[in-house]
Amino acid sequence: MLPLLSIATFLPILGGLVLMALPDRSARVTHGVSIGVTGLTFLITLAIWARGIVPGGFAQIEEISWIPAIGAAYRLGLDGLSLPLVLLTSLLFLLSAIYSARVTERAATYVVLMLMLETASLGTFMALDGLLFYIFFEVSLVGMYFMIAGWGYEDRQRAALMFFLYTLLGSLPLLLAILGLYLSSGSFDMRVWIDAPPLTGIAAMLALIAMLFTFAVKIPAFPVHTWLPAAHVQAPTAGSVILAGVMLKFGTYGLIRFALQMTPEAFTRAGVVILVFGVVSAIYGAFAALAQSDLKKMIAYTSVNHMGYVVMGVAVAALATDPAMRVVALDGATLQMISHGIVTGALFFLVGMLQDRAHVRDMGDFGGLLGQVPWLGWAFILSAFASLGLPGLAHFPAEFQVFLATLNAQPWAVVAILAIVVTAGLYLRSVAAVFLGELNQKWAAMPDLDRREMLVIVPLLILTILIGVAPAWLLNMIHTTMASLSF
Amino acid sequence: MIFLAFTILSPLLAGLTILVLRRASEALGLAGAALGLVGALGLLATAGSGDVQAVLTGLPDMPLRLIATPLTAVLALLVATVAGFVLTYATGYMAKDPEKPRFFGTLLLFVTAMQGLVLAGDWIMLLAAWEMIGFASYLLIGFWYRRDGVASAATRAFLYTRSADLGLYLGAFLLIGVAGTSEISATLATTGTPALIAGLLLLVAAMGKSAQVPLQDWLQRAMAGPTPVSALLHSATLVAAGAILLIRVAPMLPGGALLAIGIVGGVTAVVAGLIALAERDLKRLLAASTSSQYGLMLVAVGAGAPVAALLHLIAHAAIKSSLFLGAGVFQHDRDSTTMDAVAGAGRARPGIFAGFAIAALALAGIPPLAGFFSKDAIIAAALTSPSAAWLLPLTLAGTVLTGAYMGRALRVLWHGDPGAKPGTIPLMATGMAGLVALAVVLGATFGPLEQMLNAEMPEFGLAVPALGLAAALSGLALGWLVPVTGLLRGLLPWAERGFVVAGGMDALMVRPALAIAAGCERLERRLYDGVLALGRASLSLGQSARRADRDAIDAAIFGLVDRTVMLGARARRLQSGFIHRELAITTIGIAVIIVALFAAPYLV
């Protein structure tokens, strides 16, 4: 058996190293390597998918001893929570590589950074060792910092620094929690921590608080979300896509994998507080997005809203007494992560394409573009309606499950459903401002999507519809694990 | 099964094919509609001898279901029929539009969603279809997106209905949670408080979709779309969704919910009737009339006679689509639908005007046209309901108003300058003629229909028909003879503004939402500044640390260095250069460390 998980994880960074060793690092060769490596990685993750997962634990485990003295080892594995995220990661990196093929400024460095980020992201989702997880988790920060600082827009230095400090300081408490789990169990094996949560009582609560702080910054939840719009606005398009599509999921993944699974008792006790943060984030994110006229910033804030639903789903799962509703909530929360990655990824790509053409992003600067750039326009309309939760598109099955469980477990929290009207309002307003009405003559020569851009956007649109119409292929994978999750 | 597939998949596949191929839209569209009609006929034929069901994979433990009972099969047939005629008309109406494929494709997707809603057997399917209808009507209302005001009309239609849809979401969540299944028929066994709460929540959703007071405003603005769209939206589809929802859940509704539904419907029948009477635009008059007729249907549901609502829904579908298609012809001729512009347009086209007039009389409730029978059923239901004291006066007032605004419309179309003779319009006339014929004969099917649904209306001798006819005739006479200023007097300016209270929905919902958004933005700035200030504080801390470095630590270190140099000079004496001496010192050092290490556990 080939160790596919390790190959998928380290293939990107190896590709990056090979690229650095190449004598010819022209943009053409560089992007060729980048697309080739991310494409191959994507295919490998498909093979991993084909090998499948098992209910009630991790599958496809790869283990090598590393620091036996402290019980840390190189351990990778998958379940129904991480496999969909791995597939999402490899897909978004491939599409970002294709989209970025027009980057010519220090192309080789850019590509190496992206490949390093992919290794870190895949490693974060597949690591089954606390120490290993933390290393991957932190390395991703470095990659994103340089990405924003090096290839971002006007105010990129400050945004990059803010992102870095915020998430770095944010992740220190997680280290403490990991050390706490280690000291009380004598191992860094995450499976040990999950099967028999080592911490109890006040220690568990402290560890939970530490973890929640880290993941709240990453998710991001109100009020520690302020780095997100700043980072998104300044990040290059592919950076935004990876940041929103992949890296925000570190937070929600950690929320389930660490906070819920490793300190279940404390999580249930703190459940209502966590739910409040989820509800506030969902509503606040929607209203803050409504106040924006910068398209990119608006989409960034809707991420706060959508990730708020994920937090709600996880908290409701902990609080629900009916086991069926627990599974519904967790299924919904996990599916929401994937849907958000695909839909928001598509939206950031589309806004990036709009900005490539117009060099502005304010809604008011456009108008009537639908007739001028129909592909771009319809793709945006479809993604916008997906993002506002239209049935038949990706977010609906996820949000339906989260709200269904919420109403039946904690009826008050369902006030967050107001946010779906607010997001509908803000997306319709942006569609009307940018694409409907009389064509703004400034853009009378704007070209529609070219072949490369189609290649990036069409797969995401297909997935948006596929998940919306027939979510079973994805939900069954998630459901297998969630139905057997004990916490 | 096969008929279910035909009913839903033929419009879907036809619509998608049109959107992909971008050619032959008329032929494909008509073929899709025809096959859908065949499917619906088949459903009606088979549903009589037992329900037809299809179970599809949906969410885990919550499969999607389509179900054809006699009720849903009748509704499916209605949708397919009206859609077929409207499409025929549209082939003429849209003949010159360069973006025909988009129009026909979206229209067929809309029909698909409506069939999905009608045939939905579980709440998820119903919710999904419900919202897809909203989306499709957004696209259709916004079809001429370049024109002024179209974008805002489409946006408004979607937002109004979406806000009300929260009621459907919450109601469905509640019912699924209580019953433990998402199957609609199983959840209808819910009783007690959950049933009341769910009933009221579903009423909110129905008010949004069926444009009931106070959520009626979007429907009149939705006239920005092409006329065939209005004809479809206002008859058997979009607007019908609300009434259909209530008819379907009627067996579950407790008394409190029924009363609320009846009152909302009765008030809408009157208020929207007044708005229609005061309207200065023919299409907007028809739109307000739609709200008022759906109000009458809600009265029937509230009176505990959903079958009366169903009959009126069927009659109204044929009537209202005829009226809109007629108005579309006049619009074609005069390039506008304001009352001034269409004055006399009926006289220029006697054929179309005759159709329009028959439909208008049918809506007013003149025998033997379809509206007469359905309106009688509603009056009878209101009369026998426990809340007759509320419902009957509202129903009769609504009926009088129906006659009045239709009488007024007929008068405007007939009086005035007919102008030059317009050209022939065979396709549009065919589509309209079919629907007018339905408006005439549908009443004959009501008896067998009631039998099929096992819900026969009680007989009332002559009292009810006489009451209904008197109301209809007096309404028509008032509308034809008395100018509207005389009819409404002081109410007129208020009715012309659509009875907007306190600035309407814009002031009550949109502005507060924007204010909250602005508040969030201010908070956001403050949070951002706070973080930056924190950053700056640590930066200045760093700078003072650097100053401390330079002044204190550097000085200390340089001092240390100086002293170390002196110390070194002294230490030189220790380093004698003899190997054994240095070895001894090293050994001693290591020994000290080892002792310290071993001793550590005892010391701590």
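This is a predicted model: local features need pLDDT of at least 70, side-chain atom pairs count only at pLDDT 80 or more; totals for chains, interfaces and linings use all residues.
View 1. For chain A as a whole the mean pLDDT is 89, and 100% of the residues reach 70 or more.

**View 2. The side of chain B that touches chain A**. Here 36 residues of chain B are in contact with 40 residues of chain A. On the side of chain B, two or more residues each are given by strand S1 (52-59), helix H5 (123-141), helix H6 (150-179) and helix H25 (504-571) of chain B, and the largest share, 14 residues, comes from H6(B). By residue class, this side of chain B divides into 25 nonpolar, 6 polar and 5 charged residues.

**View 3. Packing of helices H19 and H22 of chain B**. Helix H19 (residues 388-414) of chain B packs against helix H22 (residues 463-481) of chain B at an angle of about 35°, with the two axes 6 Å apart, and the crossing is right-handed. The residues of this contact comprise 14 nonpolar, 8 polar and 2 charged.

**View 4. Domains and an annotated span of chain B**. The domain assignment divides chain B into domain 1 (2-499), domain 2 (510-565) and domain 3 (574-604), and the C-alpha centres of domain 1 and domain 2 of chain B lie 64 Å apart. An unreviewed UniProt entry annotates residues 62-104 of chain B as "domain: NADH-Ubiquinone oxidoreductase (complex I) chain 5 N-terminal"; this span is 67% helix and 16% strand, and its end C-alpha atoms lie 33 Å apart.

Methods:
Residues are numbered from 1 along each chain as its sequence is written. Chains are lettered from A and ligands numbered from 1 in the order in which they are written. Domain bounds come from an automatic or database domain assignment. pLDDT is the predictor's confidence in each residue, from 0 to 100. Axes are lines fitted to C-alpha atoms, for helices over the stretch in contact, and angles run from 0 to 180 degrees between N-to-C directions. Helices (H or I, at least four residues) and strands (E, at least two) are DSSP runs, numbered from the N terminus. A crossing is left-handed if the near helix is turned anticlockwise from the far one by less than a right angle, and right-handed if clockwise. Ala, Val, Leu, Ile, Met, Phe, Trp, Tyr, Cys and Pro count as nonpolar, Asp, Glu, Lys and Arg as charged, and the others, Gly among them, as polar. UniProt positions are given in the numbering used here, feature names are shortened, and annotations may be inferred rather than shown by experiment. Two residues are in contact if their C-beta atoms, placed from the backbone, lie within 7 Å.
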